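Reader: I would like a close look at a single part of this model, with its contacts to the rest. Please give the cut-offs as you go.

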Amino acid sequence: MELQNWIWITVGLSFTLYIAIAIMTRASSTGEFYIAGKGVPPIANGMATAADWMSAASFISMAGIISFNGYDGSVYLMGWTGGYVLLALLLAPYLRKFGKFTVPDFIGDRYYSNVARGVAVFCALIVSFTYIAGQMRGVGVVFSRYLEVDITSGVLIGMLIVLFYAVLGGMKGITYTQVAQYCVLIFAFMLPAIFISFMVTGNVIPQIGFGSAGSDGVYLLDKLDGLQRELGFHEYTSGRKSRLDVFLITAALMVGTAGLPHVIVRFFTVKKVSDARKSAGWALLFIAILYTTAPAVAVFSRTNLIETVSNKAYAALPEWFDKWEATGLISYEDKNQDGLVQYVADPKINELKVDADIMVLANPEIADLPNWVIAIMAAGALAAALSTAAGLLLVISSSVSHDLIKKMIKPDVSEKGELIAARLSAVGAVMLAAYFGINPPGFVAATVALAFGLAAASFFPAIVMGIFSKKMNKEGAVSGMLVGILLMLFYMTKFKFGWFGGGDDKDWWLGISPEGFGSFAMLLNFVVSITVSKFTPAPDSEIQKLVENIRNPDED
Amino acid sequence: MNYKNTYWKTNLKYLVILLSIWFTVSFGFGILLVDTLNQFQIGGFKLGFWFAQQGAIYVFVILIFVYIFLMNRLDQKFKNHK
């Protein structure tokens, strides 16, 4: 059967499934809309969290980025998994015990102040919007690449689907859709990876395969290091970034993960405290399946790429090369007119440009897999983008309807009114996100790192100290959050968008990249909060009791 | 009250131990000590590289499940005492 038909069938079937789930699980109260009525079983919540977490970038781009950066790519692998340890140990159980709807809820109540709540809403909205714009773009790109529609129609189709199930189903609908989406995306990612691992190393487990030897008896990683050296690239298993920067970026991504509102809120949806711990464990397990496979895929495809193209006659390259050349993801320019492909580090001699995304997208063709596998990849990439977009959408709508309207502007709003407001703000948010997806501001790519830095610099210290220190007060928390987020915004806009005089990597403070700066801003947040709290009145006994209560296990 | 205190202290002890392991395998083995560990090899992996791209993640998963086990046991003790 034709590839296009296969793709329409798998994408159509998966969308029908998501919509059917949304109709069956639609929300009828604010509790169901915001936190699925606190009735989600831990394993299901783990899968939903994993799908929520793994975006189009994790699915399509991450393995490619690792394959071009080798060891330096480890910052994403450790950074985007290690945060779950922090979540499970330091945040999730206590926030669940607190038992409200949103992250600003916790900040506002624990720091007995609507200013703190307002600052938290501001941070939540900034973090979520920077993130969702990238996701809608991702949906558009996937549609256009696989279904041959233009990006604008792709974004619009994606918007309608998300709109339908997020607005109708709320958190309850999203959760069970995400469970289905996790299954689709992990199957789509693993299938080609397993085939390629078997093809290259004879081992069906990619995690072991990339540490084994190929058919020539040489260890794959040793061979790749050799190839990279030969062509003038850095050695694959060692990096180029400074050790300090690798350290700080990893820390910023870990702490940022633990501070992302759309991840935290997933732990509000389970029945009891022990279930919150369990779902963090399941979530990380489900995420680790993809995250330990990605570096293997990176090695297989990097080796494969070099061996297939380096110093080979352009005319004799395999068919997949021509096909992806047509999409512009690979381009070849015969600078020295010898008809061979020179793929080297030196930009003056190098004749080949390769987009990182191709490392995952072209996998099925490189491994010569049937068309239906490619179709499943398309469905998997869409599942990854849609599930993340939906989770973010919910955070935005609950920030507006619950934290802003119910808690700050109009406390006497009825539950029905609040539910309508929640749905309307979801509609508004998705339209805004779609607008940014169609007209992406130039900084979309840069802002994903921004979102982590911002979350690390603002939420994480305020939440952790709210739980682990009874003495932390509103003055300390608010000034810490403000200093953290403003400093982070300043540094990112200065070095990413050239505001405040701009500058390049030579001007970085202590050589810290903007991606790693979140760690620094977070430390400063801690220091400012603690210092300010020493000179201002401690919270009253009511708040200390609240903290005491959060720390204690279930009463049931 | 006393038992609530013990419960919290024990929890903090678990946190310190588990987070030290968390820090050691990722920031320690995967980043700060990576060059030293890369002198050793398991199969085709240099050890430091393996920790950075595989080992740390496996340990993370194990750490959370160990914490789940420890806390469930602690919750049970706490409940029995009451």
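Author: Chain B exposes about 4100 Å², and carbon and sulfur atoms supply 68% of that area; accessible areas come from the Shrake-Rupley method with a 1.4 Å probe, and for residues only the protein chains shown count as cover. The model is predicted, so local features need pLDDT of at least 70 and side-chain atom pairs count only at pLDDT 80 or more, while totals for chains, interfaces and linings use all residues. Residues are numbered from 1 along each chain as its sequence is written, chains are lettered from A and ligands numbered from 1 in the order in which they are written, and side-chain values use heavy atoms, with hydrogens and water left out.

Chain B has three helices and two strands, in the order α-α-β-β-α along the sequence. Helices (H or I, at least four residues) and strands (E, at least two) are DSSP runs, numbered from the N terminus. The C-alpha atoms of chain B fill a box of roughly 55 × 20 × 15 Å along the principal axes. The radius of gyration of chain B is 17 Å, whereas a compact globule of 82 residues would have one near 12 Å; the radius is taken over C-alpha atoms, and the globule rule is 2.2 Å times the number of residues to the power 0.38.

Of the 82 residues of chain B, 51% count as buried. Buried means under 20% relative accessible area, exposed means over 50%, and partly exposed lies in between (1.4 Å probe, protein chains only). Among the contacts in chain B with a separation of 6 or more, 60% come from residues 24 or more positions apart, contact meaning heavy atoms within 4.5 Å.

Next comes the interface. Chain B contributes 44 residues to the contact and chain A contributes 52 residues. Between them the two chains bury about 4100 Å², with 71% of it on carbon and sulfur atoms; buried area is the accessible area (1.4 Å probe) that two parts lose on being put together, summed over both. Across this interface the rule finds 11 residue pairs in polar contact, both residues at pLDDT 80 or more. A polar contact is a pair of N or O atoms within 3.5 Å; within protein, one must be able to donate a hydrogen and the other to accept it, and residues adjacent in sequence count only if both atoms are side-chain atoms.

The rule also finds four salt bridges across the interface of chain B and chain A, a salt bridge being a side-chain nitrogen of Lys or Arg within 4 Å of a carboxyl oxygen of Asp or Glu. K46(B) forms a salt bridge with D225(A), with 3.3 Å between the closest N and O atoms. On the side of chain B that touches chain A, α1 (2–32), α2 (34–37), β2 (45–46) and α3 (47–81) each supply at least two residues. The largest share of that side, 19 residues, comes from α3(B).

Over all chains, a search of the whole structure finds 15 salt bridges. One of them joins K223(A) to D216(A), the closest N and O atoms being 3.3 Å apart. K223(A) is buried, at 18% relative accessible area, whereas D216(A) is partly exposed at 46%. Another pairs K470(A) with E548(A), whose closest N and O atoms are 2.6 Å apart. This pair links distant parts of the chain, 78 residues apart.
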